[in-house]
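Visitor: I am new to this structure. Could you take me through one part slowly, the sheet and what lies around it?

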Amino acid sequence: MIRIDAVTKRYPDGTVAVDRLSLEIPDRSITVLVGPSGCGKTTTLRMINRMVEPSEGTILLDGKDIQQQPVNTLRRSMGYVIQNAGLFQHRTIVDNIATVPRMLGWGKDKARARARELMERVGLDAALAKRYPYQLSGGQQQRVGVARALAADPPVLLMDEPFSAVDPVVRKGLQDELLRIQDELGKTIVFVTHDIDEAVKLGTMVAVMRTGGHLAQFAPPAELLSHPADEFVEDFLGADRGIRRLSFFSSAGLDLLTAPIVAVDATAEQITARDTGDAPYLLVTDQGGRPLGWGEPRELAADGVRPADLLPYGRPFVAGTDSLRAALDCAVLSPTGWAVAVDTEGRATGVVSQQAIGEAIRGAHAEGRENARTVPAGGGTDPEVTKVTG
Ligand SMILES: Nc1ncnc2c1ncn2[C@@H]1O[C@H](COP(=O)(O)OP(=O)(O)OP(=O)(O)O)[C@@H](O)[C@H]1O
Ligand SMILES: [Mg+2]
């Protein structure tokens, strides 16, 4: 565990970048430092590997004061990733990644073998090994930066806005990849960002900092969204805090109706039988059970199913896996106001109205039923990246 204990950093010109900051950074999880520009995030991160020395206070790594440890040993136990990856431009990708193992005295072949293994781990095609950084896209370079930081298998990863220079789609891929790597390797990651959505998605714990190097709140993301400590945190979380909080509620408890579903080849009698009055529309599926669209029961029975005339069904959600946010999004996108639940194979398992989702949301809120981390990578989270800068 990394423990930051009443740490202050005053730069020589008098700027107080960090002010009596105390944080307990848990092992084997992702702790995010988030806050407006200039609030002291980078300074905090750099004090952890002693690129910056605190003016007051102590930082403990596994109970030992990092001041008492040789800087080289300390830094070897901490991979460091920065924006734009900071790669060595004159070295190939494989040699960039092999940098630290080589410094530690590994032979060239062993270090390169390790580098190739890491390329696979971070989702880089082996064919890129011999290229130079300028021959890679921004997202690929960022992956190389992560692989390089992991090369000597350090227990700690320090990441300073590693994904802020890439577009939202690539960024989402990198975030998902990081969550996957974290699941597999169990590193202790301290991650700096000023994007609150990124913080909520990645963080097991999130430290919200405010200008002047003060800690505004330190909490799991679900708690941050449900109980912001003050107005500053609330503003920083943004206007759609309530909607985003839904990402932490499972859709498992929704009452799905199965009656209003018919196959595309259903007879008029079968269609009429399905029109039980529970829903104004029937969901039509193909013969394999995959949704095609909504139709009005009487029209379907009278004219037969004409797939081209069906109303679109929005984006279905996977019942139990996706969050209430995904279910609500589906209902909002659907012109009928009903959401379609599917299994992992994409077959319709039920339909649910916006109203029923609303009731489930009220129930979930009342019981405070959110989980610390129910949302699988990418599931139910918004691909749109909202930037909050100071
Ligand atoms: N070497 C330095 N000398 C003097 N002041 C500094 C120095 N480095 C940083 N600062 C100041 O300390 C404060 C915190 O800077 P820091 O880089 O930690 O912020 P940050 O939260 O990482 O911001 P950003 O989101 O823009 O990267 C800022 O006011 C900055 O101007
Ligand atoms: Mg910074």
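Guide: Start with a definition. Two residues are in contact if their C-beta atoms, placed from the backbone, lie within 7 Å. Angles run from 0 to 180 degrees between N-to-C directions. Keep in mind that this is a predicted model.

Now the sheet. Six strands form an open sheet, in the order E6-E7-E8-E3-E9-E10. The pairing is mixed. Strands of a sheet pair through backbone hydrogen bonds, either parallel or antiparallel. The edge strands are E6 (78–82) and E10 (214–219), and each pairs on one side only. From one strand to the next, the twist averages 15°.

Strand E9 (residues 205–210) pairs with E10 in the antiparallel sense. Five bridges link E9 and E10. Take Val208 as an example: its bridge partner in E10 is Gln217.

Next, the helices on this sheet. H1 lies across E3 (30–34), E7, E8 (188–193) and E9. H1 runs at about 155° to E8. Helix H6 lies across E6 and E7. The angle between H6 and E6 is about 165°.

Helix H1 covers residues 41–48 and gives three residues to the shell around ligand 1, the largest share. Which residues surround ligand 1? They are Tyr11, Asp13, Thr15, Ala17, Ser37, Gly38, Cys39, Gly40, Lys41, Thr42, Thr43 and His194. By type, the shell divides into three nonpolar, seven polar and two charged residues.

Asp153 has a phi near 55°, a positive value in a residue other than glycine. Is Asp153 buried or partly exposed? Asp153 is partly exposed, because 13 other C-beta atoms lie within 10 Å. A residue needs 20 or more to count as buried, and 12 or fewer to count as exposed.

The loop between E7 and helix H7 (168–185) holds Glu161. Glu161 is not a glycine, yet its phi is positive, at about 45°. Glu161 has 19 C-beta neighbours inside 10 Å, so it counts as partly exposed.

Some shell residues point us to another set of strands. Strand E1 (residues 2–10) and strand E2 (residues 16–25) pair in the antiparallel sense over six bridges. Val7 has Leu21 as its bridge partner in E2. E1 and E2 make a hairpin with five residues between the strands. In that hairpin, Gly14 takes a positive phi near 100°. E1 also joins strand E4 (residues 56–61) through five bridges, and these two strands run antiparallel. Ile4 has Ile59 as its bridge partner in E4.

One last stop: helix H14 (residues 324–333). Eight of its 10 residues are buried, so H14 is largely enclosed by the rest of the structure. The buried residues are Leu324, Arg325, Ala326, Ala327, Leu328, Asp329, Cys330 and Ala331. What covers them includes helices H11 (241–245) and H15 (354–367). Strands E14 (317–318), E15 (338–342) and E16 (348–353) are also part of that cover.

Notes:
Residues are numbered from 1 along each chain as its sequence is written. Chains are lettered from A and ligands numbered from 1 in the order in which they are written. This is a predicted model: local features need pLDDT of at least 70, side-chain atom pairs count only at pLDDT 80 or more; totals for chains, interfaces and linings use all residues. A residue is near a molecule or strand if its C-beta atom, placed from the backbone, lies within 6 Å of it. Helices (H or I, at least four residues) and strands (E, at least two) are DSSP runs, numbered from the N terminus. Ala, Val, Leu, Ile, Met, Phe, Trp, Tyr, Cys and Pro count as nonpolar, Asp, Glu, Lys and Arg as charged, and the others, Gly among them, as polar. Two strands pair if DSSP finds at least two bridges between them.
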